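Colleague: Before I use this model, I would like to go through the labels attached to it and hear what each one rests on. Could we take them in turn, with the cut-offs stated?

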Amino acid sequence: MFKCPYTKLDHFEVDIFPSYKDIEVEAWSTVQKEQNVYLSIPYLKAIEESLGDEIQFFYALVKNKNGIPVFIQYFQLVEFIDNKKTFGRKLFKSLQGQFDPNKGLSLNILVCGNVFSDGENGYYWSDNITPAEASKIAGTIAETISSEYVGPRKTGVIIFKDYWPESADHCDELLNLGYQDFMIDVNMIAHIHPSWENMEDYLSSMKTKYRTRAKSVFAKAAELQIKSLNPVEILKSEKRINELFRNVQNKSEYLMGSIKASTFARLKENLKDNFSLRAVYNEKEIIGFSTSFFHKGIMEANYVGIDYKHNKTKAVYQYLLYDYVQQAISSKSKELHLGRTSELVKSSLGAVPVNMKLYGKHKSKIANLFVSTALRSVTPSKFELRKPFKAKFIEEWTH
């Protein structure tokens, strides 16, 4: 455990931990109160124990002058890899030729939040402080960790991810600390109607065109079987799951941290029914899988793995998306968070885009000018939003 030397937090006691094992569990839980599964000790344990050799972790616990825990924060130091050189080209343009545009970037980034999930999963606070105070504390601690505790894996870049639109006001404190806000691809959110008890109810609410598309997917996937795996079964298929996941990763524009089957097994062991890994079988071979989290009425689609040689003929990816909807209905979830990418396909399922902000900063003032310019050039991908539900259904739903 480290004592935070930062004088800007004179009214608080800040402890920084290099491992979840050092966390004062009772104090952490007093703030977390089971409000965010990604800040729960079982989740943090699963991630650190399976990825501790690849990612450096930091945890912060803040108490007020009366010794009452009021704030918790989570960091991951990860390697950012610009797979498709997209960001590198934008940075090259903004820096007017100081970098080779044909080379992808690779750098270490200190992330406040969770590189393996979307949403505000970097810190949480109690009612004893305001949201604005929480953001100021978060930004201050991030700079301290970047300057004092990162160690041999040096990084000058700090990223806060990902904020919902309603959080914009209190994030002004990050702007005051010199961070630049920016947006990448939208998060696709599907609202689950309370009257849907099964897939037939869901499909009957759709326009004929989209219902026909769904049935076409089910017809292509008719010979496939899908099954939820337990920790032992996940590890038994570890090699195949990792292979399928790499297939998807290789198509990504950039990578920021990598997860693996052993992590999924630990998550399933630690989180039980709050985590799911579903495997798609073609006879006895796994040709796809999906993972998801369930917490407080929200189902969050997480990762997929795909064997692309079967994807077109058996509609593996779309089958997994419809299975997400099925799981959301069965679990009585109110919302299904389908994440980024494939916005057009996801909107065909009834998901709508929600803009989310990230905040970035380089601790060098000069470098931060260049980073800010590059971040401003990052914008969400454009796509045509589909509207699959019947007008009558939408009217009844909204009224």
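Colleague: What pLDDT does the chain average, and what share of the residues score at least 70?

Modeller: The chain averages a pLDDT of 87, and 86% of the residues score at least 70, pLDDT being the predictor's confidence in each residue, from 0 to 100. This is a predicted model, in which local features need pLDDT of at least 70 and side-chain atom pairs count only at pLDDT 80 or more, while totals for chains, interfaces and linings use all residues. Residues are numbered from 1 along each chain as its sequence is written, and side-chain values use heavy atoms, with hydrogens and water left out.

Colleague: Over which residues is the pLDDT below 50?

Modeller: The pLDDT is below 50 over residues 91-99, a stretch that has 12 contacts in the model beyond near neighbours in sequence, where contact means heavy atoms within 4.5 Å.

Colleague: Why is F57 called buried?

Modeller: Its relative accessible area is 3%, and buried means under 20% (exposed is over 50%, partly exposed in between, with a 1.4 Å probe and protein chains only), so the label applies. Y74, at 0% relative accessibility, counts as buried too. Buried residues make up 53% of the 399 residues in the chain.

Colleague: What makes the aromatic pair of F57 and Y74 stacked?

Modeller: The centres are 6.3 Å apart and the planes are at 10°; rings of Phe, Tyr and Trp (its six-membered ring) pair if their centres lie within 6.5 Å, and planes under 30 degrees apart count as stacked, over 60 as edge-to-face and the rest as tilted, so this pair is stacked. Because F57 lies in strand β3 (residues 56-64) and Y74 in strand β4 (residues 69-81), the pair ties together parts that are 17 residues apart in sequence. Strands (E, at least two residues) and helices (H or I, at least four) are DSSP runs, numbered from the N terminus.

Colleague: What makes the pair of Y123 and F160 edge-to-face?

Modeller: Here the values are 6.4 Å centre to centre and 75° between the planes, which meet the rule for pairing and for edge-to-face. Y123 lies in strand β6 (residues 123-125) and F160 in strand β7 (residues 157-163), so the pair ties together parts that are 37 residues apart in sequence. Both Y123 and F160 are buried.

Colleague: Why is α2 described as mostly covered?

Modeller: Of its 11 residues, 8 are buried, and what covers the buried residues of α2 includes α1 (25-32), β3, β4, α10 (261-271) and β13 (285-295).

Colleague: Which residues have the most contacts inside the largest nonpolar core?

Modeller: They are Y43, I47, Y59, F116, F264 and L267, in a core of 52 residues; a nonpolar core is a set of buried Ala, Val, Leu, Ile, Met, Phe, Trp, Tyr and Cys residues joined through side-chain atoms within 4.5 Å. Helix α2 (residues 41-51) gives the most to this core, with 6 residues.
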